[in-house]
Amino acid sequence: MFVAAAESTALWRCKSCGKEVSNRWHHFHSHTAQRSICPYCPATYSRIDTLRAHLRLKHAALLLKH
């Protein structure tokens, strides 16, 4: 799914979309259909770690109640 980018040894080019990325695992999840859904608002994310950051930032008061 990735090939080494010609311009940099730290970047990878995605064969699906052509984007150059440094973290293949994170970018890979942007191409999957699975979504992580926020239980408190309509926000959805392709990665669970991004959902967790959203919960800490936007819904901290609700998390403290549990």
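How many disulfides does the rule give for this structure? In this predicted model, the count comes to zero. A disulfide is a covalent bond between the sulfur atoms of two cysteines, and the criterion applied here asks for a pair of cysteine sulfur atoms within 2.5 Å. Cysteine 17 is in no disulfide, since the nearest cysteine sulfur, belonging to cysteine 14, lies 3.8 Å away. With a relative accessibility of 43%, cysteine 17 is classed as partly exposed. For cysteine 38, the closest cysteine sulfur is that of cysteine 41, and because the separation is 3.7 Å, the two are too far apart for a bond. Cysteine 38 has a relative accessibility of 4% and therefore counts as buried.

Leucine 51, leaving aside residues up to four places away in sequence, touches Ser36, Ile37, Cys38 and Tyr45.

An unreviewed UniProt entry annotates residues 38-59 as "domain: C2H2-type". Over residues 38-59 the chain is 50% helix and 9% strand, with the end C-alpha atoms 10 Å apart.

Arginine 47 sits in the loop that runs between strand 5 (44-45) and helix 2 (48-58). Because its relative accessibility is 18%, under the 20% limit, arginine 47 counts as buried. When residues up to four places away in sequence are not counted, the contacts of arginine 47 are Trp25, His26, His29 and Ser36; Ser36 is also one of the residues that leucine 51 touches.

Definitions and conventions: Residues are numbered from 1 along each chain as its sequence is written. This is a predicted model: local features need pLDDT of at least 70, side-chain atom pairs count only at pLDDT 80 or more; totals for chains, interfaces and linings use all residues. Side-chain values use heavy atoms; hydrogens and water are left out. UniProt positions are given in the numbering used here, feature names are shortened, and annotations may be inferred rather than shown by experiment. Helices (H or I, at least four residues) and strands (E, at least two) are DSSP runs, numbered from the N terminus. Contact means heavy atoms within 4.5 Å. Buried means under 20% relative accessible area, exposed over 50%, partly exposed in between (1.4 Å probe, protein chains only).
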